[in-house]
Amino acid sequence: MIRSTNAISSNKFFENVGQISIDKKVALDIGFQVESYKIVTSAGGSRAVMAALIKDPEHRNDDDLRVLEIMIRNLPGFSRYSLGVRKQLGRICGYSRFGPGRTIIKQGHFAQNFYYILSGELEVLKIHQNEKKNSWVGTMTPGMIFGELALLMDNHKRLATLVTTKDTELLWLTRDDFEQVLKTETLRELQERERIIRGHKFFSMLRANSIHQLALTSQTVEVPADTLLLTEGDIPGNVYLLCEGEVKLLRCVHFTKVKTDQNKRLLYPHPLPPDIAAHIPMHQTEKVTELLSLSKMASGELLGAVQSLCSSGTPNQVATLGGYFDTMLASRSPFSLVTSSRLKYISISKHTFSKELVFFPEIVKNLALQHLELRNFFKDWVVVQKLYLERNDWINYKRKMMKGILKEIKKSSDKGLFF
């Protein structure tokens with residue numbers, strides 16, 4: 001259930017990406033073009049890290065292994081591994097950087113490597129049964145892994161195609177190294193996902209095989225605070241099951257900014273209420289948009305389920321949802337999702353999600369009713385505007401009062417009334 005916040009706030013979020021700095025002499029010494037390499041700041045990005053990453057694993061020295069162990073420890077998803085495993089990863093992991101449009105793995109091909117996304121983005125494409133061309137499945141972003149599923153299967157065949165959509169950096173392990181270092185950890189994580197999914201009330205009706213398939217085609221993701229998971233208006237590529245941490249629900253809300261005769265600017269609801277609009281010339285008004293934090297969702301919440309069924313569900317599932325609301329509109333996220341703390345979640349494939357719910361129409365109906373409840377919770381945007389404006393007025397009042405108090409304290413201090 002949503003926990004509404006009475007303090008509606010306005011925030012802006014930016015992706016922080018850094019570029020490494022290496023002088024030309026060092027660049028020539030280690031043999032690469034500086035402009036061709038960049039790395040997200042969370043991965044390190046220092047000269048020592050990059051110099052260690054681009055070396056062949058067998059040529060890394062103790063200093064290289066030390067900086068790589070620190071980098072790996074700070075990567076989302078890898079911090080939970082033991083010191084011994086992290087050192088092994090620093091000793092054996094490879095590093096590659098690709099431009100947009102590069103196919104990294106191809107459906108049906110024999111699996112050779114396991115991958116971790118340092119930076120960039122990849123789209124997932126899949127040829128489904130009885131189809132001849134690729135269908136878009138979703139996107140993968142920094143902190144996610146891929147390629148492990150085929151390595152765990154007996155035939156080692158890739159189940160989908162992944163193509164970069166922008167400059168992308170990857171860490172990778174060969175199949176042999178994966179089996180020696182990470183296979184046991186990966187199987188343990190799979191069992192943990194099964195346990196979490198099985199224990200969630202939403203999935204309690206599903207059979208053991210369905211839960212196994214959901215866990216097998218999903219992955220556990222850890223991201224830091226202020227990470228943008230989903231943008232308002234986007235069609236989610238996955239279903240999010242929150243495990244630890246909180247997510248803020250953000251929405252762009254319109255206001256009217258009015259310029260007064262005293263050259264002040266005041267915010268009012270948009271459109272302007274008739275009693276106010278009648279006394280203000282149009283040239284003194286301006287429509288503005290604020291990004292408001294409306295609510296928070298915590299561990300145990302399921303996000304993106306209705307949107308996933310509306311965009312990828314079976315005809316019967318879409319028809320069921322269509323009896324409650326417009327599925328075209330409902331396929332897009334009504335909010336932006338931004339983490340308010342470090343977040344751990346399970347990213348569930350929306351195609352597997354809809355497939356495993358085929359025989360459970362009651363679950364689909366319950367999702368429809370929950371979506372209606374959420375929509376009704378935020379349907380009156382005039383109330384949301386007023387709450388935000390009231391909060392703004394209260395903040396301005398406190399600021400004014402504090403300024404006055406500080407002024408009086410300074411006066412008293414100047415007169416020597418404080419000892």
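One aromatic cluster is formed by Phe78, Tyr81 and Tyr116. The model is predicted, so local features need pLDDT of at least 70 and side-chain atom pairs count only at pLDDT 80 or more, while totals for chains, interfaces and linings use all residues. Residues are numbered from 1 along each chain as its sequence is written, and side-chain values use heavy atoms, with hydrogens and water left out.

Rings of Phe, Tyr and Trp (its six-membered ring) are paired if their centres lie within 6.5 Å; planes under 30 degrees apart count as stacked, over 60 as edge-to-face and the rest as tilted. The count by this rule is nine aromatic pairs. One of them joins Phe202 and Phe353, which are stacked because their ring centres are 5.9 Å apart and their planes stand at 15 degrees. Phe202 sits in the loop between helix H6 (175-199) and helix H7 (208-216), and Phe353 in helix H12 (residues 350-356), so this pair ties together parts 151 residues apart in sequence. Helices here are DSSP runs (H or I, at least four residues), numbered from the N terminus.

Phe202 is buried (under 20% relative accessible area; exposed is over 50%, partly exposed in between, with a 1.4 Å probe and protein chains only), at a relative accessible area of 13%. Phe353 is also buried, at 1%.

Trp394 and Tyr397 are stacked too, because their ring centres lie 5.7 Å apart and their planes are at 25 degrees. Both belong to helix H14 (residues 381-414), where a spacing of three residues separates Trp394 and Tyr397 by about one helical turn. Trp394 is partly exposed at 48% relative accessibility, and Tyr397 is partly exposed at 44%.

Technical notes
Helix = DSSP H or I, 4+ residues; strand = E, 2+ residues; numbered from the N terminus.
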